[in-house]
Amino acid sequence: VQYKGGLDEFRFYLSALDNDEIINICRSEAPEWMLPELPLPGQLDACTIPDVSYATVNVNQKYDIYLPGGRSLQNTPVLFITHGGGWGSGSRKEYDPNIWKNFFPGTAIVSIGYRFAPAYSFPAQENDIKACVEYVMSKREEYQISDKIGFFGASAGAHLSMLYAYK
């Protein structure tokens with residue numbers, strides 16, 4: 001979304017929106033490959049797998065994943081969602097993949113948890129995002145998901161998503 005005001009005006013603009021409006025803005029700005037046509041009903045049913053550990057250092061190193069029905073290695077992009085909380089709080093449960101599936105049909109949705117500061121200093125949080133993405137991608141065959149990925153984050157989650165995406 002292009003916004004021409006200053007940072008304070010942008011914060012006010014965002015604070016005036018509810019979650020559905022923010023999701024609709026994100027959907028309208030999503031690249032075309034993130035919005036595939038719904039797959040035909042196929043061999044695989046839709047499912048949600050909660051509380052998957054991608055590392056064992058901390059209890060927060062888990063993700064929840066929604067896998068759409070009819071998915072395949074060719075037609076199922078993945079959207080990674082990272083929660084906010086100033087790197088020191090929050091929960092992946094704030095971004096339930098089962099809600100987001102309605103806005104991104106045919107897309108696998110992964111809600112990532114990460115270690116918190118100050119107990120774990122930077123770059124632990126960035127490393128957790130990387131570890132989660134690598135772990136999920138290592139399960140492409142099992143999950144039947146493509147290698148096309150996108151990111152969404154709120155506040156600190158947006159920062160961590162950008163840190164990962166720009167490398």
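Predicted model: local features only at pLDDT ≥ 70, side-chain atom pairs only at ≥ 80, totals over all residues.
Tutor: Local features here need pLDDT of at least 70 and side-chain atom pairs pLDDT 80 or more, while totals for chains, interfaces and linings use all residues. Residues are numbered from 1 along each chain as its sequence is written, and side-chain values use heavy atoms, leaving out hydrogens and water.

Student: Is Cys-132 buried or exposed?

Tutor: Buried means under 20% relative accessible area, exposed over 50%, and partly exposed in between, using a 1.4 Å probe and protein chains only. Cys-132 has 0% relative accessibility, so Cys-132 counts as buried.

Student: How many disulfides are there?

Tutor: A disulfide is a covalent bond between the sulfur atoms of two cysteines. The rule used asks for a pair of cysteine sulfur atoms within 2.5 Å. By this rule, the count is zero.

Student: Where do the buried residues of H6 fall, seen down its axis?

Tutor: Helices (H or I, at least four residues) and strands (E, at least two) are DSSP runs, numbered from the N terminus. In H6, residues 156-165, the buried residues are Ala-156, Gly-157, Leu-160 and Ser-161. Their arc, taken from the directions from the helix axis to the C-beta atoms, is within 140 degrees, so they line one face of the helix.

Student: Which residues does Ala-117 touch, leaving out those up to four places away in sequence?

Tutor: Ala-117 sits in the loop between strand E4 (108-112) and H4. Its C-alpha atom is 4.7 Å from that of Gly-88, 29 residues apart along the chain. Counting contact as heavy atoms within 4.5 Å, Ala-117 touches Trp-87, Gly-88 and Gln-125.
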